[in-house]
Amino acid sequence: MAAIENVTGTAFVVAEFRAEEAAEAKPLYEDKIVPVFLNEDTKRAAARIAETIPAVKKMVRIRTRYLDDRLDAQLRDGCKQVVILGAGLDTRAIRKQAPDVVYFEIDDETTLSFKKATLAENRLTADVSFIYGNYVTDDFIRLLISNGFDGSRPAHFIWEGNTMYLTADSIRQVMADIVRHVPQFTLSFDYFKEDVINEATGDAAATLITERFAAMGAPWRTGIGDIQRLADEAAMRLVDNVATAELHRAYWPGKALETAIFDYYFLCTLQSPAR
Ligand SMILES: C[S@@+](CC[C@H](N)C(=O)[O-])C[C@H]1O[C@@H](n2cnc3c(N)ncnc32)[C@H](O)[C@@H]1O
């Protein structure tokens, strides 16, 4: 298993938080698969992150539900190809199987070979290609195509828990690659406003979360100030952009928001002009 530190290790922490919601009596989403990846080490790593800032768990729960909903909508619409960039321990390829739907997951070899072996040990199968690589430096479109992806057919891209770790140029490059090679796509991802990265929210808990991830060797590097501008520059259409604060109120009516970070943490969906 990968060390539970740095960006790769964060996948295990995220998986712990995701599993906790799934174990609730009335969870926001179902995920019976994710526990297969977890153990005492992952539990301890997640507890270390959550002890100072419990709100970090809710950020993962909220984004999982939002991204599940967006995926469900695309599958209902007939989309047959789902690409998960920086997939980590995402279980959607198993949880959201549908006839003729193919999943493509890209992440580093350590993470995906562990995932593949663990799923096999647990006899969990799906129509999924595990693609070992770095989607910033390895020409991920070429990797996708060599693994059976068809750029001429519609595709849904999920880019969860990733943009904050990249440079602004890499974010733009990934978007440009999608636009250039896939005429019909939707793309859903989460992002922070720049104030979170710059520790300028004025909210002590938000600043602590940023510092905790940096201390874990996974510093957040890039926030997005103006998503509409980024979409325009990439020649994408922004179809949805929502603060997690709003989703928090919708998913848990009446529950207090413990930190202002939910006002700075967003989920969005963009699409090709042709869709
Ligand atoms: C915070 S985890 C999120 C995992 C998963 N998307 C989720 O939300 O459960 C970030 C993951 O993205 C992967 N990742 C980050 N940058 C990447 C890149 N350039 N190429 C491939 N994988 C990347 C890391 O290895 C890690 O597994």
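Which residues in H2 meet which residues in H9? In this predicted model, the H2 side of the contact is made up of Arg48, Ile49, Glu51 and Thr52, and these meet Leu208, Arg212 and Phe213 in H9.

As for how the two helices sit, H2 spans residues 40-52 and H9 spans residues 204-215, and their axes come within 9 Å and cross at roughly 155°. Angles over 145 degrees count as roughly antiparallel, so H2 and H9 are roughly antiparallel to each other. The crossing of H2 past H9 is right-handed.

On the H3 side, the residues involved are Lys58, Ile62, Arg65, Tyr66 and Asp69; on the H11 side, Thr244, Leu247, His248 and Tyr251 take part. Sorted by class, the contact of H3 with H11 comes out as four nonpolar, two polar and three charged residues.

Which elements give two or more residues to its lining? Those are helix H7 (168-181) and helix H10 (227-233). The lining includes Ala168, Ile171 and Arg172, along with Glu194. Also lining the pocket are Thr222, Gly223, Ile224, Gly225 and Asp226, and then Arg229, Leu230 and Glu233. By class, the lining of this pocket divides into four nonpolar, three polar and five charged residues.

Note on methods:
Residues numbered from 1 in each chain as written. Predicted model: local features only at pLDDT ≥ 70, side-chain atom pairs only at ≥ 80, totals over all residues. Heavy atoms only, no water. Axes fitted to C-alpha atoms, helices over the stretch in contact; angles between N-to-C directions. Helix = DSSP H or I, 4+ residues; strand = E, 2+ residues; numbered from the N terminus. Parallel < 35°, antiparallel > 145°, perpendicular 65-115°, else oblique. Left-handed = near helix turned anticlockwise from the far one by under 90°. Contact = heavy atoms within 4.5 Å. 1 Å grid on protein atoms, 1.4 Å probe; cavity = no way out; pocket = protein on both sides within 12 Å on 5 of 7 lines; lining within 4 Å. Nonpolar A, V, L, I, M, F, W, Y, C, P; charged D, E, K, R; others polar.
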